[in-house]
Amino acid sequence: MENIESIVARQPFLRGIKPEHFHILDKCASFAQFKPEEVIFSEGGQADRFYLINTGLVSLETRIPGQGLQTLQTIGPGDALGWSWMFEPHRWHFTARALENGEFVSFDAKQLHEQIEANHELGYELWKRFARVVLQRLQATRRQLLDVNRASH
């Protein structure tokens, strides 16, 4: 198995980050593995980390009244998973479920919040990156909800 540092270093999400920020992030990182159909986190649960997907696919789902869980987007290697840790009240906005065996780098949100408070430049870099992720998720959700709406008419 590769070490965390080499996996984190090649993640597109962190491309261009300063070496000193990279080393801070590396200290907050650990490995995580998920099996097919395993729930990574559940909508409404405590958002206490984020992940970078090294291998595997993940389904992002939400509960739609009268229709149950609906897949909004499928993401995979190179994608960041979980932005809710950055925003009060730190609750997941979606459910994430592994679709296949996957290896992830997991970042502890409490440690990251402490680091961001001590290093605002790092916080700014993460905010810029997560703003793109939030926008991508919002657009995927909008497209999926439009498709669901069309299918119900």
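Trainee: How is the model read, and what is the mean pLDDT of the protein?

Mentor: Residues are numbered from 1 along each chain as its sequence is written, and side-chain values use heavy atoms, with hydrogens and water left out. In this predicted model, local features need pLDDT of at least 70 and side-chain atom pairs count only at pLDDT 80 or more, while totals for chains, interfaces and linings use all residues. The pLDDT is the predictor's confidence in each residue, from 0 to 100. In the protein, 95% of residues reach 70 or more, and the mean pLDDT is 89.

Trainee: Which residue of E6 stands opposite Leu52?

Mentor: Strands of a sheet pair through backbone hydrogen bonds, either parallel or antiparallel. E3 and E6 run antiparallel, and the residue opposite Leu52 is Ala80.

Trainee: Which residue takes a positive phi in the hairpin of E4 and E5?

Mentor: E4 (residues 58–64) and E5 (residues 68–75) pair in the antiparallel sense over 7 bridges. Along them, Glu61 has Thr71 as its bridge partner, and Arg63 stands opposite Leu69. The hairpin has 3 residues between the strands, and the residue with a positive phi, near 80°, is Gly66.

Trainee: Which residues of helix H2 are exposed?

Mentor: Buried means under 20% relative accessible area, exposed over 50%, and partly exposed in between (1.4 Å probe, protein chains only). In H2 (residues 19–27), the buried residues are His21, Phe22, Ile24 and Leu25. They cover an arc of only 160° around the axis, which puts them on the same side of H2; the arc is that of the directions from the helix axis to the C-beta atoms. On the other side of H2, the exposed residues are Pro19 and Lys27.

Trainee: How many residues apart are Phe41 and Trp92?

Mentor: Rings of Phe, Tyr and Trp (its six-membered ring) pair if their centres lie within 6.5 Å; planes under 30 degrees apart count as stacked, over 60 as edge-to-face and the rest as tilted. The whole structure holds 12 aromatic pairs, among them the stacked pair of Phe41 and Trp92, at 3.6 Å centre to centre with 10° between the planes. Phe41 lies in strand E2 (residues 39–41) and Trp92 in the loop between E6 and strand E7 (95–98), so the pair links distant parts of the chain, and Phe41 is buried, with a relative accessible area of 7%. The separation of Phe41 and Trp92 is 51 residues.

Conventions:
Pairing = 2+ DSSP bridges. Helix = DSSP H or I, 4+ residues; strand = E, 2+ residues; numbered from the N terminus.
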